[in-house]
Amino acid sequence: MPSRAIDGGRDGSIEFEGSVCSGLGEGARFVALDWVGREFRRALGFEPWPGTLNLHMGGAAWARWRCGLTANDGIAIAPPPGFCAARCFVVQLDGRVRAAAVIPDVSDYPPDKLELVAPVALRAALALRDGSPVRVRVQA
């Protein structure tokens, strides 16, 4: 299922819908690193669940928001030498779970992928499986 922009909120937020897809398992290894946990606690105020939720995104509104990230600092995740930096954006999933979208600072990161971290196992908390639609509201 392709994703779509649902609406822009009065508060300047934007809402997209994406579909759950399996990742490569790298997110779980990354989130399990000590420095990553420290950075998420510092920057986002929560201990991340050891894994990420991957969404397949697409459409014109998604592309505009994704391209506009260069003008938005987000919340910086500062790595030690040898690791890539990332930016996070606070999001609300299906209007129920606070999470963070993580955008790694790498040139070949897929433009149709949105990777999410949260203090809970998102698939279990939202009863998701591959192909499930998920509403993501990016906070302004």
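Visitor: What volume does the largest pocket have?
Guide: This is a predicted model. The volume is computed from its atoms. The largest pocket comes to about 500 Å³.

Visitor: Which residues are closest to the centre of the largest pocket?
Guide: The lining of this pocket has 27 residues. By class they are 16 nonpolar, seven polar and four charged. Closest to the centre are Glu26, Gly27, Phe30, Lys113 and Glu115.

Visitor: Which element gives the most to the lining of the largest pocket?
Guide: Two or more residues come from each of helix H1 (26-31), strand S3 (53-56), strand S6 (97-104) and strand S7 (113-117). One of these gives five residues, the most. That element is H1.

Visitor: Which residues lie nearest the centre of the second largest pocket?
Guide: The second largest pocket has a volume of about 190 Å³. Its lining has six nonpolar, two polar and three charged residues. Of the eleven lining residues, those nearest the centre are Arg66, Ile103, Pro104, Val106 and Tyr109.

Visitor: In what pattern do helices and strands follow each other along the sequence?
Guide: The chain has four helices and eight strands. Read along the sequence, they give β-β-α-α-β-α-β-β-β-β-α-β.

Visitor: Of the residues of the chain, what percentage count as buried?
Guide: The accessible surface of the chain is about 7400 Å². Carbon and sulfur atoms hold 54% of that surface. The chain has 140 residues, and the buried part of them is 41%.

Visitor: Which element supplies the largest share of the largest nonpolar core?
Guide: This core has 24 residues, and those with the most contacts inside it are Leu55, Val91, Leu93, Leu114, Leu116 and Val136. At least two residues each come from strand S2 (14-21), S3, helix H3 (60-67), strand S5 (86-93), S6, S7 and strand S8 (133-138). The largest share is four residues, and it comes from S6.

Visitor: Is Val138 buried or exposed?
Guide: Val138 sits in strand S8. Leaving aside neighbours within four places, Val138 contacts Ser13, Ile14, Trp65, Phe89, Val90 and Val91. Its relative accessibility is 6%, so Val138 counts as buried.

Visitor: What distance separates the C-alpha atoms of Val138 and Val91?
Guide: The two residues are 47 residues apart along the chain. They are also in contact. Their C-alpha atoms are separated by 4.5 Å.

Visitor: What is the relative accessible area of Arg38?
Guide: Arg38 belongs to helix H2 (residues 34-44). Arg38 is partly exposed because its relative accessible area is 48%.

Visitor: Is Asp94 buried or exposed?
Guide: Asp94 lies in the loop between S5 and S6. Its phi is positive, near 50°, and Asp94 is not a glycine. Most residues other than glycine have a negative phi. The cut-off for burial is under 20%. Asp94 has 18% relative accessibility, so it counts as buried.

Visitor: Is Ala127 buried or exposed?
Guide: Ala127 is in the loop between helix H4 (122-125) and S8. Its phi is positive too, about 50°, although Ala127 is not a glycine. Its relative accessible area is 63%, so Ala127 is exposed.

Visitor: Which residue follows H2?
Guide: The residue after H2 has a positive phi, near 80°. That residue is Gly45.

Methods: Residues numbered from 1 in each chain as written. Predicted model: local features only at pLDDT ≥ 70, side-chain atom pairs only at ≥ 80, totals over all residues. Heavy atoms only, no water. 1 Å grid on protein atoms, 1.4 Å probe; cavity = no way out; pocket = protein on both sides within 12 Å on 5 of 7 lines; lining within 4 Å. Points joined across faces, edges and corners; volume = space filled by probe spheres on them. Nonpolar A, V, L, I, M, F, W, Y, C, P; charged D, E, K, R; others polar. Core = buried A, V, L, I, M, F, W, Y, C linked by side-chain atoms within 4.5 Å. Buried < 20%, exposed > 50% of the residue type's maximum accessible area, 1.4 Å probe, protein only. Areas by Shrake-Rupley, 256 points an atom, 1.4 Å probe, with all protein chains shown as cover. Contact = heavy atoms within 4.5 Å.
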